[in-house]
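The sequence and the structure are shown first.

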Amino acid sequence: MNIKGLFKTSLIDFPGKVSAVVFFGGCNLSCCYCHNPLLARDSDILPVIEQEEILSFLQKRVNLIDALTISGGEPTLDKELLSFMKKVKDMGFLIKLDTNGLRPDILKLCLEKNLVDYIALDLKTSPAKYSDLCRVNVNTEAILFSLNLIRESSVQYEVRTTCVPQYVTVDDIHEIGNFFGSVSMWYLQQFVNTAELLDPETQRLSPYPRVYLELMKKAALNFAEQCVIRGL
Ligand code: SF4
């Protein structure tokens, strides 16, 4: 299994829960704004944290934390993800999964086997700009399929969009909503360029001012029961 990072306690990853966070190495996208390029693209040079180590850590946290957040990179690429999730669930923890939605087959299994309690799905931009932002050819129909699976389930979820200047505009928010349809919770995340980003050109972009993010939120509320701006 390709776990490359462990954050022992987080109050912000799983809404309303105290969770530990594991980070899987490797990703099928190369988003220009990715703030962890090492984990996404060059994770081979990072040491693996063995599954046994994570499980033993969690065993000591039973009754101290509620949940495990599984993040990346892109966790659904790991062949051992489902068996790992089962072990974590059997210990009594809730599980949150962060995903870019490009593996609906894996997501379907997670839902069918009741292995996940909260899903955070990226809706990165409008279909027309998706491949440009992600620097690879993206099948947005697969992401829509994932979102439909989530919507049809009873699992709590959020969708999230990082508001990268030029790549995500108010018009794109409308296009995202038109293509992906209505959601219960949509987080708009402020673009942050203080840490090293995957693409140096994107690094030079200035984050949107609050007033523009508020316009984006207004647009998003046409498609979401709730919309919250993160990171202001
Ligand atoms: S931001 Fe993009 S490239 Fe980085 S981990 Fe997430 S999906 Fe992968």
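Helices H4 and H6 are roughly parallel to each other, a label for angles under 35 degrees. The model is predicted: local features need pLDDT of at least 70, side-chain atom pairs count only at pLDDT 80 or more, and totals for chains, interfaces and linings use all residues. Residues are numbered from 1 along each chain as its sequence is written, and side-chain values use heavy atoms, without hydrogens and water.

The two helices pack at an angle of about 10°, with their axes 9 Å apart. Axes are lines fitted to C-alpha atoms over the stretch in contact, and angles run from 0 to 180 degrees between N-to-C directions. Helices (H or I, at least four residues) and strands (E, at least two) are DSSP runs, numbered from the N terminus. The table lists the residues that meet, where contact means heavy atoms within 4.5 Å.

| Helix | Range | Residues in the contact |
|---|---|---|
| H4 | residues 104-112 | Pro104, Leu107, Lys108, Leu111 |
| H6 | residues 140-152 | Ala142, Phe145, Ser146, Leu149, Ile150 |

By class, this contact has seven nonpolar, one polar and one charged residues. Ala, Val, Leu, Ile, Met, Phe, Trp, Tyr, Cys and Pro count as nonpolar, Asp, Glu, Lys and Arg as charged, and the others, Gly among them, as polar.

Arg135 lies in the loop between helix H5 (127-134) and H6. Although Arg135 is not a glycine, its phi is positive, at about 60°.

Around the ligand are Cys27, Leu29, Ser30, Cys31, Cys34, Gly73, Asn100 and Lys124, each with a heavy atom within 4 Å of it. This shell has four nonpolar, three polar and one charged residues. Gly73 is joined to Gly72 by a cis peptide bond with omega of about 15°, and Gly73 lies in the loop between strand S3 (67-71) and helix H3 (81-90).

Terms used:
Angles under 35 degrees count as roughly parallel, over 145 as roughly antiparallel, 65 to 115 as roughly perpendicular and the rest as oblique.
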